[in-house]
Amino acid sequence: MNFDYNEEQQLLADSVRRYLQKDYDFEKRKAIVASKAGWSEDAWAQLAEMGLTGLPVPAEFGGFGGGAVDLMGVMEAFGEALVVEPYLPTVLAARLLARADFPAKREILSSVVEGKTRLALAHTEKGARHRVDHVRVKAARSEAGWTLQGEKRVVAGAPAAQHLVVSARGPEGVGLFLVDAKDAKLKAYRVLDETQAADVRLRGAKAEPLGLGLEALEEAIDFGTALVCAEAVGAMKYACDATLEYLKTRRQFGVPIGTFQALQHRMVDMFIAYEQAKSIACLACSKADSSEGPGERKRAVSAAKIKIADNARHISQEAIQLHGGMGMTEEMKVSHTFRRLTTVIDQFGDADYHLERFAAL
């Protein structure tokens, strides 16, 4: 398959990378992370102005109808810069809303495109161990409408979201519901990679049924997994580039340590792992967009996540070791890249979970 971006995809990726290099360098990112919100509304407005918030939204709502392959370059650039804004949670929830049928659909999706509304997908629960069908939140219907009862854990992007797409188990099985974030009680916190998440408690929260079930939820999570793989590729690229630059400048015994053959071999292994990760992430994004059936999509996505998890661990640990003690300091971006890659390993299912799913398929 062709692993090169087309002209439009390359231009978009380049423009995003230029913006991040100019206005989202590591020092500015540190200031954003240290702020009360933990993310930047100004940066979000810039992403919307570049059309990124509208990229996954269908054209009928003012978006561009892009798929995972169109978003790959964006996510790689986000991975390099360690962007903390809740972009992926909004993308996943917006894709689900675009497939649903509910009264406020046009209003919400148009607002997402304009960058005025952020969304989050609230699905993970205690004890789920990444199983998509593990849903204990209850959906009940009365004359006044639907209400939800239960709790979701580690909901990425929830502290910044105005609306939540929540999975719940109703009389006919697992379904998806739209909830106003104000109707839920959120316990917000910062996770290992410095992004924002929250535990969401639903106590009779009013909900709008979306008419979507487990199949749509699995498709959305696979889509998100493919994009997380692409983001990891960007983070791996930075780890490799930063480590190579360090080996060229750090001197011992009067020479750069990059002249030591043992370190050269380790550096080559890192770049090989990066190229493998990039190739399989391309395959996963391609299958997330155009697989012949859910089985083919699941196989490709699980295979990618297994390889990405292994190579992310290898590259991140080697980057820290080759930087020496400096690699663990807050002042070095490579230490924050290590945290992001460590989080990616577990996000949307770790290697053990995807190995089991791949074997079952």
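Q: In which loop is Phe348 found?
A: This is a predicted model, in which local features need pLDDT of at least 70, side-chain atom pairs count only at pLDDT 80 or more, and totals for chains, interfaces and linings use all residues. Residues are numbered from 1 along each chain as its sequence is written, and side-chain values use heavy atoms, with hydrogens and water left out. Helices (H or I, at least four residues) and strands (E, at least two) are DSSP runs, numbered from the N terminus. On that basis Phe348 is found in the loop between helix H10 (333–346) and helix H11 (351–360).

Q: Is Phe253 buried or exposed?
A: Phe253 has its place in the loop between strand E8 (251–252) and strand E9 (255–256), and its phi is near 55°, a positive value in a residue other than glycine. Buried means under 20% relative accessible area, exposed over 50%, and partly exposed in between (1.4 Å probe, protein chains only). Because its relative accessible area is 78%, Phe253 is exposed.

Q: What is the volume of the largest pocket?
A: On a 1 Å grid over the protein atoms alone, a pocket is an open set of points where a 1.4 Å probe fits, with protein on both sides within 12 Å along at least five of seven lines, and lining residues have an atom within 4 Å of a point. Grid points are joined across faces, edges and corners, and a volume is the space filled by probe spheres set on the points. For the largest pocket this volume is about 1,100 Å³.

Q: Which residues are the closest to the centre of the largest pocket?
A: The largest pocket has a volume of about 1,100 Å³. Of the 46 residues that line this pocket, the closest to its centre are Thr124, Val154, Ala156, Gln347 and Phe348.

Q: With which residues is Cys285 in contact, leaving aside its neighbours within four places in sequence?
A: Cys285 lies in helix H8 (residues 261–290) and, with a relative accessible area of 0%, is buried. Contact means heavy atoms within 4.5 Å. With those neighbours left aside, the residues in contact with Cys285 are Ala68, Val69, Met72, Ala226, Leu227 and Ala230.

Q: How far is the sulfur of Cys285 from the closest cysteine sulfur?
A: A disulfide is a pair of cysteine sulfur atoms within 2.5 Å, and by this rule the count comes to 0 disulfides. The closest cysteine sulfur to that of Cys285 is in Cys282, too far for a bond, at a distance of 7.0 Å.
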